[in-house]
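The sequence and structure are shown first.

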Amino acid sequence: MPAESKVEASTVRPTPSPASPLTERQEARRRRILHACAQLASRGGFDAVQMREVAESSQVALGTLYRYFPSKVHLLVATMQDQLEHMHGTLRKKPPAGDRAAERVAETLMRAFRALQREPHLADAMVRALTFADRSVSPEVDQVSRQTTLIILDAMGLDDPTPEQLSAVRVIEHTWHSALITWLSGRASIAQVKIDIETVCRLIDLTEPGAAHSAR
């Protein structure tokens, strides 16, 4: 296969945020900010996250908070990436056991969905922020996408996906995020979400080696 069709690991692995490396003290401060944001959102959703309260709860100056995160939307999208990263670690400790990649991905995404379901106010705040995000929030949005991609690729058992497999992963990501939105808005039940996730994960079967020949 041509070299350009291969996907380097760096294209799907989250990059540090902010871009420049953080010192141990800065990283600890950033962790406090994200934790404070998640706690406030868990209690009252999107509107409960006020930058001044986040600064006070995390014991940082308001100006310092804005240097890390220029707006509430930046902060909440970064919080979503952090939550997904934590979920990824949990999922790796107990990986899905299905024989087929499609089954493993569907199980993984439903486990992640149920984790968000346990904190509906937080989930709603993060998804709303992702929906509101403009181009200035692109780095944080990209982090969320990369983390979701990593979760799916791990469940598939792939380190070097083909372009077709990455395309399927993107469609699965879109469906998962859409399912979150429809569930949070009360327009879809958990059972409906599960059916949609399992259905879209069947795309993975079409990207398996030899699938095109067997479908003829």
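Among contacts in the protein (heavy atoms within 4.5 Å) between residues at least 6 apart in sequence, 74% join residues at least 24 apart. The model is predicted: local features need pLDDT of at least 70 and side-chain atom pairs count only at pLDDT 80 or more, whereas totals for chains, interfaces and linings use all residues. Residues are numbered from 1 along each chain as its sequence is written, and side-chain values use heavy atoms, with hydrogens and water left out.

**Overall composition**

The protein has 11 helices and zero strands; both are DSSP runs numbered from the N terminus, helices being H or I of at least four residues and strands E of at least two. Of its 216 residues, 43% count as buried, a class defined as under 20% relative accessible area, with exposed over 50% and partly exposed in between (1.4 Å probe, protein chains only).

**Helix packing**

Two packed helices are described by the angle between their axes and the distance between the axes. Here axes are lines fitted to C-alpha atoms, for helices over the stretch in contact, and angles run from 0 to 180 degrees between N-to-C directions. The two pairs are listed below.

| Pair | Axis angle | Axis distance | Handedness |
|---|---|---|---|
| H4 (residues 72-93) and H7 (residues 138-156) | about 15° | 8 Å | left-handed |
| H5 (residues 101-117) and H8 (residues 163-184) | roughly 30° | within 12 Å | right-handed |

A crossing is left-handed if the near helix is turned anticlockwise from the far one by less than a right angle, and right-handed if clockwise. Angles under 35 degrees count as roughly parallel, over 145 as roughly antiparallel, 65 to 115 as roughly perpendicular and the rest as oblique.

H4 and H7 are therefore roughly parallel to each other. Their contact includes Val 77, Leu 84 and Leu 91 in H4, and Val 141, Val 144 and Ile 151 in H7. The residues of this contact divide into nine nonpolar, six polar and four charged. In this scheme Ala, Val, Leu, Ile, Met, Phe, Trp, Tyr, Cys and Pro are nonpolar, Asp, Glu, Lys and Arg are charged, and the others, Gly among them, are polar.

H5 is likewise roughly parallel to H8. From H5, Val 105, Leu 109, Ala 112, Phe 113, Leu 116 and Gln 117 meet Ile 172, Trp 176, Ala 179, Leu 180 and Trp 183 of H8. By class, this contact has 10 nonpolar, one polar and no charged residues.

**Buried positions**

Met 87 lies in helix H4 and counts as buried because its relative accessibility is 8%. Leaving aside neighbours within four places in sequence, Met 87 is in contact with Ala 112, Ala 115 and Leu 116. Of these, Ala 112 and Leu 116 also take part in the contact of H5 with H8. Met 87 and Leu 116 are 29 residues apart in sequence, and their C-alpha atoms are 9.6 Å apart.

Val 49 is found in the loop between helix H1 (24-44) and helix H2 (51-58). With a relative accessible area of 0%, Val 49 is buried. Not counting residues up to four places away in sequence, Val 49 touches Cys 37, Leu 40, Ala 41, Val 54, Lys 72, Leu 75 and Leu 76. Between Val 49 and Gln 39, 10 residues apart in sequence, the C-alpha to C-alpha distance is 9.0 Å.

Cys 37 is itself buried, at 0% relative accessibility. Cys 201 is buried at 0% relative accessibility. The structure holds zero disulfides, a disulfide being a pair of cysteine sulfur atoms within 2.5 Å.
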